[in-house]
Amino acid sequence: MKNLLEIKEITKVFGEGTVNEKVALNSVSLTLREGDFVTVIGNNGAGKSTLLNCIAGVHNVDKGSIVLDGKDITRLSEHKRARWMGRVFQDPLKGTAFDMTIEENLAIAYYKNKSRGLSPGITSKDRELFREKLSMLEMGLEDKMTQKVKLLSGGQRQALTLFMAAITGPELLLLDEHTAALDPAAASKVLSLTDRFAEDPKLCTLMITHNMKDALKHGNRTILMKDGQIMMDISGEERRQMTVEKLIEKFSIDNDRMLL
């Protein structure tokens with residue numbers, strides 16, 4: 001497997017030169033190979049979301065570089081990077097157009113990186129494809145394609161958002177605590193779908209979670225961030241032997257802000 005994402009000594013400082021100066025990322029380096037599914041944990045303020053925002057282009061880095069599949073994207077805009085990335089946020093209200101139908105949302109996502117030629121609107125072929133793909137979610141959404149997204153539950157909407165992020169065929173999938181706002185049953189369902197999508201051997205997945213059990217259960221690598229740096233990067237047998245209790249003991253993780 002080749003290296004897909006190469007982050008080299010990136011630094012991000014907010015409020016530089018002011019009394020509120022905060023070094024959010026301090027010379028962070030990280031390499032992900034094709035097929036990697038990396039979970040990211042750490043206390044609030046550790047730099048987890050800043051890392052994802054810098055990869056996605058929401059924030060420009062102050063130092064260092066970001067290379068995706070051989071392309072230096074360090075100075076590319078968020079819009080230009082979006083063609084290679086899918087992203088799901090914590091808030092189920094983000095990622096979908098709530099006043100549009102399910103099939104309209106899917107069409108927007110599906111054609112994000114494709115030319116639609118001269119045929120406007122959603123074709124019967126599109127609907128057939130969307131119905132087939134939606135059935136994978138096992139939520140009955142394939143029978144509600146003309147229903148507006150705002151009528152869906154939080155779990156259904158987050159599953160749809162995840163599906164929309166994956167259907168574009170991204171090289172990198174960024175998940176920013178995408179189950180944190182869901183009830184346990186819905187969270188479990190969305191994580192199960194996440195595992196299924198992440199099985200794509202050419203896809204890289206980076207998932208932030210506050211749930212340490214989930215961090216060790218899902219994916220093939222876990223990194224722990226603290227004070228804007230990566231303090232731990234484990235995989236293989238070391239990861240299989242790691243427990244939540246060992247993590248807390250070894251890295252003095254704040255129990256109050258992390259879920260066991």
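In what order do the six strands of the open sheet stand, and what is the pairing? In this predicted model, the order is E6-E7-E8-E3-E9-E10 and the pairing is mixed. Strand E6, residues 85-88, lies at one edge and strand E10, residues 229-235, at the other. Each of these two has a single partner strand, so one side of each is left without a neighbour in the sheet. On average, neighbouring strands of this sheet are turned by 15° against each other, with direction ignored.

E6 and strand E7, residues 172-176, run parallel and are joined by four bridges. Within this pair, Arg 87 stands opposite Leu 174 of E7. Helix H5 packs on the sheet here, where it touches both E6 and E7. The direction of H5 makes about 170° with that of E6.

H5 spans residues 154-167. Two packed helices are described by the angle between their axes and the distance between the axes. For H5 and helix H6, residues 184-198, the axes come within 9 Å and cross at roughly 10°. The two helices are therefore roughly parallel to each other. On the H5 side, the meeting residues are Gly 155, Gln 158, Ala 159, Leu 162, Phe 163 and Ala 166. On the H6 side they are Ala 186, Val 190, Leu 193, Thr 194 and Phe 197. By class, this contact of H5 with H6 has eight nonpolar and three polar residues, and no charged ones.

Helix H3, residues 102-110, also packs with H5. Their axes are 8 Å apart, at an angle of about 30°. Because of that angle, H3 is roughly parallel to H5. The crossing of the two is right-handed. H3 contributes Ile 102, Asn 105, Leu 106, Ala 109 and Tyr 110 to the contact. H5 contributes Leu 160, Phe 163, Met 164 and Ile 167. Eight of these residues are nonpolar, one is polar and none is charged.

From H3, the contact takes in Ile 102, Glu 103, Leu 106, Ala 107 and Tyr 110. From H4, it takes in Arg 127, Leu 129, Phe 130 and Leu 134. By class there are seven nonpolar and two charged residues, with no polar ones.

A second open sheet has four strands. Their order is E2-E1-E4-E5, and the pairing is antiparallel. Strand E2, residues 22-33, and strand E5, residues 71-72, are the edge strands, each pairing on one side only. E1 and E4 run antiparallel and are joined by five bridges. Thr 11 stands opposite Lys 63 of E4. Helix H1, residues 48-56, lies across E1, E2 and E4. H1 runs at about 115° to E1, which covers residues 3-14.

Strand E4, residues 63-68, is joined to E5 by two bridges, and the two strands run antiparallel. Val 67 has Asp 72 of E5 as its bridge partner. Two residues lie between the strands of the hairpin, and Asp 69 takes a positive phi near 50° there.

Asp 69 also takes part in a salt bridge. Its partner is Lys 2, with the closest N and O atoms 2.8 Å apart. Asp 69 lies in the loop between E4 and E5, and Lys 2 in the segment before E1, so the pair ties together parts that are 67 residues apart in sequence. In the whole structure, a search finds twelve salt bridges.

Definitions and conventions
Residues are numbered from 1 along each chain as its sequence is written. This is a predicted model: local features need pLDDT of at least 70, side-chain atom pairs count only at pLDDT 80 or more; totals for chains, interfaces and linings use all residues. Side-chain values use heavy atoms; hydrogens and water are left out. Two strands pair if DSSP finds at least two bridges between them. Contact means heavy atoms within 4.5 Å. Axes are lines fitted to C-alpha atoms, for helices over the stretch in contact, and angles run from 0 to 180 degrees between N-to-C directions. Angles under 35 degrees count as roughly parallel, over 145 as roughly antiparallel, 65 to 115 as roughly perpendicular and the rest as oblique. A crossing is left-handed if the near helix is turned anticlockwise from the far one by less than a right angle, and right-handed if clockwise. Ala, Val, Leu, Ile, Met, Phe, Trp, Tyr, Cys and Pro count as nonpolar, Asp, Glu, Lys and Arg as charged, and the others, Gly among them, as polar. A salt bridge is a side-chain nitrogen of Lys or Arg within 4 Å of a carboxyl oxygen of Asp or Glu.
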